[in-house]
Amino acid sequence: MSLWAGRVEGAVDPTVWEFLRSDDAELLPYDCEATAEHAQRLRAAGLLTDDELAEVESRLAEIAQDPTAYTEADEDVHTAIERALGEVGRKVHAGRSRNDQVAAALRLYTLDACAEAREEIDALALVILSFAESEAETLMPGYTHLQRGQPVTLGHHLLAWVEMLDRDRGRFAHAAEAAAESPLGAGALAGSTLGLPPPAGQMRNSIDAVADRDFALDYLYAAAVLFTHLSRIGEELVLWSSSEFAFARLPESAATGSSMMPQKLNPDVAELTRGKAGTAIGRLTGLLATVKGLPLAYDRDLQEDKTPVFAARRDVRLALQALTVLVSGLEVDRGRLGQAAADPLLLATDAAEALVRGGTPFREAHSEVAASVRDGSFEPLGTAAESVAARDGIGPGGVVEAIAELRHRFGDNL
C-alpha cells in the first residue's frame, strides 16, 4: 500500500518497490504520537468529529504497541498507520504530507534517544565517581605521550573521564533542544489551506520545516563525540589491563576468552567501544554528505536520515551499559600503581620548581635538573604523595573537592 497510488497507474515494479520501501519500523510509536496531535488539530478545525477523534486516539494507542501493525506490504510506517486506522484513517492525512509527518516522528524519536543517552551517561558517570572516591588517594603516574610525567592519583585521572562525559550530556541536551521544534503544519512544503491551528513549538518556515535535518546531525555529532571519549577510556582500560601495565584486572562479567589460548582474558568491551567510534564518526559524515547537496525543500535522499540515527541510538545505549558493567567490576592493583608512581623521575618537575622558588630562572632550573637526569645523579626532594598534596585546585591534590563538585553538577541525576 502507498499513499501516492492515485497518481501512478498500475503496480510499481517489485524491485523498485523494494528499493523505495523505508526501513523505519522504529518510528511506529513516535509517528502514532505525532498523528494523534495532528488529529486533535483536525478536530479543532471541525474536520473530525469528537467520536472520530476518540476512535483515532484509541486506535493509535493500540497500534503503537502492536509490532505486527507494520507489514511487508506497507511502504513506510506512515502508510501502515493510515491503513491500520481503517476508514477514519482516510481523513487523518488531510492538511499534512509524509514530508512533515516523517520529520515530526523523527524529531520525537531523537528527543527520546537524547534522553536515553543522558540517562545512560549518568549511570556510567555514577560508577566512575564512586570508583574515583575509593581511589582518591591511590598514587599513579600521570602520562603525556604515553610516557611517565608527574605523579597523580587514580581518582584524579578517573574524574577526567567524568568531565568528558559531562560535556557529552550537554551535547545531547543541545540536540534535544534542536529536535523539540514541530514541523507539523508544513505539509509537503507550503502549509495547507485548511486553517488548522498551529502545534506547540511550530517551526517558523514551512520549507525549512520539511528540509531541516540539523537536529539529526546534532544527535549524530553528540554520539560521535561521545564515542570518541568512550574510545579514549576504552584504550586506557586496554592498556591498564595488559600484563605490561597490570594496573587493573578485568571483571569476568565484562570480558571474553580466547577460542584457542586458554589463559586469555580479553578486554573486548573496551576494544569494541573503541572500534565503534569510527562507525559513529562515519554515520555523522555520511548524513552530512547526504544533506549537503540537496535543494530545498524535501528530497527522497532524506530517507537515509533514519538508519544512522537508529543505529547510533542502539550503539550508544549498549556501549554505555557494557562499560558501566566493566568499570563497576574493575579491580585495581594498588601495589603495581604505587610501584609505578614511586619512579623518582616523576618528581623532576618538582625539583625544577623548587629551584624557581629559590630565585633560579625556570629555563636554567630546567636545564640543571635535565642534566642530573642525563648523568644519573638526580635525587628527588620529596615523595610522590607530597607532590600530589602540593598540587591542589585543578590538580590531583584537590580530588576530594572535585568529586563533591561533580556530584553537585550532576544534581538529581546522580
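## Basis of the description

Because the model is predicted, local features need pLDDT of at least 70 and side-chain atom pairs count only at pLDDT 80 or more, while totals for chains, interfaces and linings use all residues. Residues are numbered from 1 along each chain as its sequence is written, and side-chain values use heavy atoms, with hydrogens and water left out.

## Helix H2 against helix H6

Two packed helices are described by the angle between their axes and the distance between the axes. Helix H2 (residues 28–44) packs against helix H6 (residues 98–134) at an angle of about 120°, and their axes are 8 Å apart. Helices (H or I, at least four residues) and strands (E, at least two) are DSSP runs numbered from the N terminus; axes are lines fitted to C-alpha atoms, for helices over the stretch in contact, and angles run from 0 to 180 degrees between N-to-C directions. The angle makes H2 oblique to H6, where under 35 degrees counts as roughly parallel, over 145 as roughly antiparallel, 65 to 115 as roughly perpendicular and the rest as oblique.

H2 passes H6 in a right-handed crossing; a crossing is right-handed if the near helix is turned clockwise from the far one by less than a right angle, and left-handed if anticlockwise. In this contact (heavy atoms within 4.5 Å), H2 contributes Tyr30, Asp31, Glu33, Ala34 and Thr35, and H6 contributes Gln101, Ala104, Ala105, Leu108, Tyr109 and Asp112. These residues comprise six nonpolar, two polar and three charged, with Ala, Val, Leu, Ile, Met, Phe, Trp, Tyr, Cys and Pro counted as nonpolar, Asp, Glu, Lys and Arg as charged, and the others, Gly among them, as polar.

## Helix H6 against helix H9

H6 also packs with helix H9 (residues 214–240), their axes coming within 10 Å and crossing at roughly 20°, which makes H6 roughly parallel to H9. The crossing is left-handed. On the H6 side the contact includes Ala103, Leu106, Arg107 and Cys114, while H9 supplies Phe215, Tyr219, Leu226 and Leu230. By class, this contact has 10 nonpolar residues, one polar and one charged.

## Two buried loop residues

Asparagine 266 lies in the loop between strand E3 (248–249) and helix H10 (268–291), and its relative accessibility of 15% makes it buried; buried means under 20% relative accessible area, exposed over 50%, and partly exposed in between, for a 1.4 Å probe and protein chains only. Leaving aside neighbours within four places in sequence, asparagine 266 is in contact with Leu250, Ala255, Thr256, Gly257 and Ser258. Its side chain also forms a polar contact of 3.1 Å with the side chain of lysine 264. Such a contact is a pair of N or O atoms within 3.5 Å; within protein, one must be able to donate a hydrogen and the other to accept it, and residues adjacent in sequence count only if both atoms are side-chain atoms.

Glutamine 303 is in the loop between H10 and helix H11 (306–328), and it too counts as buried, at 15% relative accessibility. Not counting residues up to four places away in sequence, glutamine 303 touches Leu20, Arg21, Ser22 and Tyr298.

## Backbone geometry in loops

A cis peptide bond, with omega about 15°, joins leucine 296 and alanine 297, and alanine 297 lies in the loop between H10 and H11.

Histidine 145, although not a glycine, has a positive phi of about 60°. This residue is in the loop between strand E1 (139–144) and strand E2 (147–153) and is exposed, with a relative accessible area of 76%. Leucine 146, in the loop between E1 and E2, likewise has a positive phi of about 60° without being a glycine, and its relative accessible area of 51% makes it exposed.
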